[in-house]
Structures are given as structure tokens and as C-alpha cells.
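Please look over the sequence and the model shown below before reading on.

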Amino acid sequence: MWKWLHPYANPEVSYHFSVKLTPWLTAIAAILIPVGIVWALAFVPADYQQGDSFRIFYLHVPAAMLSMGIYVGIAIAAFSSLVWQLKLADASAAALAPIGAIFTVIALFTGAAWGKPMWGTWWIWDARLTSELILLFLYLGVIALHNAFDDKNLAGKAAGILSIVGVINIPIIHYSVEWWNTLHQGATVSKLDKPSMSVEMLWPFLICFLGFSFFVAALGCKRFCTEVLARNSMRPWVRALATAQEKK
Amino acid sequence: MNPRRKKRLTIVSSILLGIAAVAGLTLYALSQNIDLFYTPTEIVQGKTDTGIKPVIGQRIRIGGLVVPGSVKRDSESLKVSFQLVDKGPMVTVNFDGILPDLFREGQGIVANGTLVGADVLEASEVLAKHDENYMPKEIAEAVGENHQKLDYNDKQLSN
């Protein structure tokens, strides 16, 4: 059933596939993000309570959702790397970790910038904010472990165990606003109910979210390519690629 | 799946399950302590499952809805007092300072301060809580969701 996947366990096949995929992902992101952001900043009506300040929602929420989504992706890669010993899964986890860390920083930073005018404080140690900060530390730990060993397999294993252990934080972040009293409000979009946002506000959000997702995918593919090249630098196919580049 | 992979799969899955169980139990044990604030009912009657009640003089946070019509403001200074409610008794909050933009009657807020009476809090900080609903003004007016914003006069701001 999974036979069609097998060729992609070969670094060379995966590398060429990612190289081909990158421009498409980049192009889609380059179209969706400007459309979504301009729509959100210029054309969406202001919120009845928060006025124009609520527009940071279109950056904050996609960043926060992706920071969690990327982490789940890393954990799945780490899991399959530990069980099936796929070296490429380690490479993809190592490629994704810094992107996820940056999105976590963006979510925390935009959250602070939104919290100051609306709540009246930059930061508060409530369950949502604290668990998201822990997510940032988990990312930093994963990145550090990937770089802590010269042996990439050992590094992948250590970082993989940390990312699998840390995945427990993801449902905690998501449900923190339901389980405990927090200053942070509940989920607007990522819930089974109807989104609690009017339709004209929701559409640009979906476009922004898709745009940022494709952006993450494009960055991830690019980083995955370089990661694969770095890890296989002694292989003949990489050397052949390098000499072909030099000749150009 | 070959036996070695199967073994690794079992090991990794059981570690994950074990950690999930540990985290779940820890959080369950801590559940009341992770709450950011007491609700007015909890201040008067104690927490629902433990019965813990804050004592007078304790620094606490309280969260609830501002009772409409309860906001009393000193016309000379920034002193303000209002009542908070969730679903039972009310607690009075006294505050001296500029309230956040989102402070309105009927709005959820979190106040940080010292409990000076059984149901009176001397707040040093008032934070506004907003909900997860976003809508344009016209829709809010149509469904009657609009709360009036409070404004300061020049005299109050000059103090």
C-alpha cells in the first residue's frame, strides 16, 4: 500500500522532488500572502469593540497555529525516524525546527503587541501564554540537540526523543483556554463549532492562513534540500551536482 | 512490519503514552492552581472542589463581568469603583488609575490587588478581557452587543 512512497526514502529522489516543489510553493505563498494581508488590513471592517487593533489577528493567529502545526510535523517525523529509522525524516525535522521557532516568536511578539492596547499588559503568566513560551523553549532545545552532536544520527535520535516528549504540550496549549481561567480568550477558528467571526472577516483569515502555510512549506522544502545536501556531501550524486553547478 | 520495527514502535508509543498519563495527572492535580484568577463566587464561597477561600490581606487576581450600572467614578480623580459578578454573589473592586480601553460595563475584566474585605478588592491593576467573537460594528448593533465606552474628562486626566 505504501509502495509508491518507497523511492522517496532515497535522498537523491527526495532532493530532486523538493527542488521541483519549491518554486510552486513559493509562488502560491507569494500570491496568497499579499492578497490576504491587504484584504485584512485595508478592506475588512473594524471590530465592534477593538476597532482596528484586532487586525493583528491576521498575523497572530496563523503564526500561533503554524507554530503548533510545525511542532506536530516535527514530532511525527521524529516518531517515524525512531521507529523506521528514516534518515530523511531527521533531516526534515532539523529543517523545520528553526522555522517553527521563528513562528512561535512571531506569535508571542504579536500577542504582546496586541495585549498591551487591549488587555492593558504586554505579558501575563496565564496558561495560554506560558504554555506557548514553553513551546519556544522546546523548539530551542530541539534545535540545540540537532547541533549538539557531530554524528547526525545520534543528534537526530536525541532531538527526536525531545520532540516526541514535548508534543504533549500541544494539546495543553490548545485547551489551556478551556481548562483554566485565562486572560486569553477562547478559540475563534480552530474549534468544531462555527467560527465566532463574521464571514467577511473569516475569508481573509483563511487566505492568510493558507498563504503562511505555503510559505512554511516553501521554506521547509528549501531548508530540507540544503539539509540533505549537507548530510550527503560525500556522495557521488552531490559531488556531480556541485561540479555541474561550477561549470555553469 | 519486521519484529525490530515492531519493538521500537511499541517502546516509543508506550513512552509517549506514559508521558501523556504523567502530564495529565500532574495537570489534573494542579488544575485549580493554574487558574489565573478567582471568580467572585469563589471569593465568597470558596473554590468549588477544594473550598479554598482567599483570606483578607491576600494578594489575588479576580476575574468577572463588570455589573452594568455599578461603575461609580470620582469626578475629581481617577478613582473608580465597580462590582464584578460571574453567576452568583458580587465583589466590589476599588481602583485608582487609568482603565484599559476595553473597560466597559458588561465587559469581562481581570483585576490584580489586595483583598481588603470579605468581598472588597483594592486593585492595583485592571486588565480587560475580550472574548473570541469578532464582528463589524453594524452587525454588533444589530444583535445588540455594543457596550458604551467610558471617557475621561479633562479634569480627571490632569490629576
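Among contacts in chain B between residues at least 6 apart in sequence, what percentage join residues at least 24 apart? In this predicted model, the share is 55%. Of the 159 residues in chain B, 23% are buried.

Chain B also touches chain A, and this contact draws 34 residues from chain B and 34 residues from chain A. On the side of chain B that touches chain A, helix 1 (3-34), strand 6 (120-128) and helix 3 (137-142) each supply at least two residues, and the largest share, ten residues, comes from helix 1 of chain B. By kind, the residues on this side of chain B divide into 20 nonpolar, five polar and nine charged.

Turning to chain A, the reader may follow helix 5, which runs over residues 152-166 and has 15 residues. From its first C-alpha to its last, helix 5 of chain A reaches 20 Å, which is close to the 21 Å expected at 1.5 Å a residue. Within helix 5 of chain A, the residues G156(A), A159(A), G160(A), S163(A), I164(A) and G166(A) are buried. When helix 5 of chain A is seen down its axis, these buried residues fall within an arc of 150°, and therefore they line one face of the helix. As background, an α-helix has 3.6 residues a turn, so residues three or four places apart point the same way.

Key:
Residues numbered from 1 in each chain as written. Chains lettered and ligands numbered in written order. Predicted model: local features only at pLDDT ≥ 70, side-chain atom pairs only at ≥ 80, totals over all residues. Helix = DSSP H or I, 4+ residues; strand = E, 2+ residues; numbered from the N terminus. Expected span 1.5 Å × (residues − 1). Buried ≥ 20, exposed ≤ 12 C-beta atoms within 10 Å, placed from the backbone. Arc of directions from axis to C-beta. Contact = placed C-beta atoms within 7 Å. Nonpolar A, V, L, I, M, F, W, Y, C, P; charged D, E, K, R; others polar.
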